[in-house]
Amino acid sequence: MISTKYHRVYLLLKDAIERGLLAPGARLPGELALAQTHQVSRITVRRALAELAQEGLVSRRPGVGTVVRERLPEASRITADVSNLLPNFVRMSEESSIELLEFAYRPASAAIAKRMNLSVGERVQYSVRVRSMQGLAFSYLMTHVPANIAKNYDEQALATTSLFMLLERSGVKVDHATQTISATLATEEVARALDVPVGAPLIALQRVVYDKEGRGVEHLDALYRPDRYQIHVDLGRAGASDSRYWQPKVEGVDEVSL
């Protein structure tokens, strides 16, 4: 069971390190100062620092204190470019590995059926996969695909190939998609798969992909470790001069000049 106070201090310090507010080589304040800042006991601070050290984010040495270590190189981090998803899918498939945790056929729930424009109870293929890069897990993926499409690939193919590529090979003509990005906390099952503490913050992404008839061909619920996965969007100015706004830039399309 995670202590709320310990976990709060741990998350705040970890976030400061990952966002670069505490640079590599920087020395953290002492336990007493941190305890006063966060209004917790020194024991609570000590536990938070021990967890950071265990994750390799800091080093603790007698007489020196707690020092921020070098972060993972950018090559070890996946960056998803929202404005250019297809190359991102291909790169992710080439540079990462898949572990298939669950593969089954079952009736679509009312919520899934509604989002995918399917009949309630229509059979879908459900899978749970974990993606890793350089041996480090970064995403927990739960997908639903209509059974008539999923019949074109088997369990072994899903364990070695990206679902997007399998859908294309099945003759699916993707037309558009809706996507929502939010945040959530890791459950015990997800925490175990991604090697994070229970209750750790995760990026939550839900995407539904549709064909030209408006029928859902894939429903994805994805959870990402924010220290190993980030979402990137290039923005350009658009609109009339008195009501200008930011909008995502699409590769190959120049920024509008006004």
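**Legends to the close-up views**

**View A. Glutamine 39 counts as exposed because its relative accessibility is 70%.** Relative accessible area is classed as buried under 20%, exposed over 50% and partly exposed in between, using a 1.4 Å probe and protein chains only. The model is predicted: local features require pLDDT of at least 70 and side-chain atom pairs pLDDT 80 or more, whereas totals for chains, interfaces and linings use all residues. Residues are numbered from 1 along each chain as its sequence is written, and side-chain values use heavy atoms, with hydrogens and water left out. Glutamine 39 is located in the loop between α2 and α3; helices (H or I, at least four residues) and strands (E, at least two) are DSSP runs numbered from the N terminus. Although not a glycine, glutamine 39 has a positive phi, near 55°.

**View B. Helix α1 comprises residues 4–18.** Its end C-alpha atoms lie 21 Å apart, in agreement with the 21 Å that 15 residues should span at 1.5 Å a residue; the expected span is 1.5 Å times one less than the number of residues. The buried residues of α1 are Tyr6, His7, Val9, Tyr10, Leu13, Lys14, Ala16, Ile17 and Glu18. These buried residues pack against α2 (31–38), α3 (42–54), β1 (58–61) and β2 (65–68), where contact means heavy atoms within 4.5 Å.

**View C. The buried residues of helix α3 lie on the same side of the helix, because they cover an arc of only 155° around its axis.** The arc is that of the directions from the helix axis to the C-beta atoms. Thr44, Val45, Ala48, Leu49, Glu51 and Leu52 are the buried residues of α3. They pack against α1, α2, β1 and β2, while Ile43 and Gln54 are exposed on the other side of α3. The 13 residues of α3 reach 18 Å from the first C-alpha to the last, close to the expected 18 Å. Glycine 56 follows α3 and has a positive phi, near 80°.

**View D. Asparagine 117 occupies the loop between α5 (110–116) and β5 (123–133).** Its phi, near 60°, is positive in a residue other than glycine. A relative accessibility of 48% means that asparagine 117 counts as partly exposed.

**View E. Arginine 169 belongs to helix α8 (residues 163–169).** With a relative accessible area of 61%, arginine 169 is exposed. Asparagine 152 is 17 residues from arginine 169 in sequence, and their C-alpha atoms are 8.4 Å apart in space.

**View F. A nonpolar surface patch is formed by Val233, Leu235 and Trp246.** Together these residues have about 310 Å² of accessible area, computed by the Shrake-Rupley method with a 1.4 Å probe; for residues, only the protein chains shown count as cover. Patches are made of residues with over 30% relative accessible area and no salt bridge, joining like charges within 9 Å and nonpolar side chains (Val, Leu, Ile, Met, Phe, Trp, Tyr) within 5 Å. A salt bridge is a side-chain nitrogen of Lys or Arg within 4 Å of a carboxyl oxygen of Asp or Glu. Tryptophan 246 is part of strand β12 (residues 245–248) and, at 55% relative accessibility, counts as exposed.

**View G. The chain as a whole contains nine helices and twelve strands.** Of its 258 residues, 42% count as buried. Among contacts between residues at least 6 apart in sequence, 57% join residues at least 24 apart.
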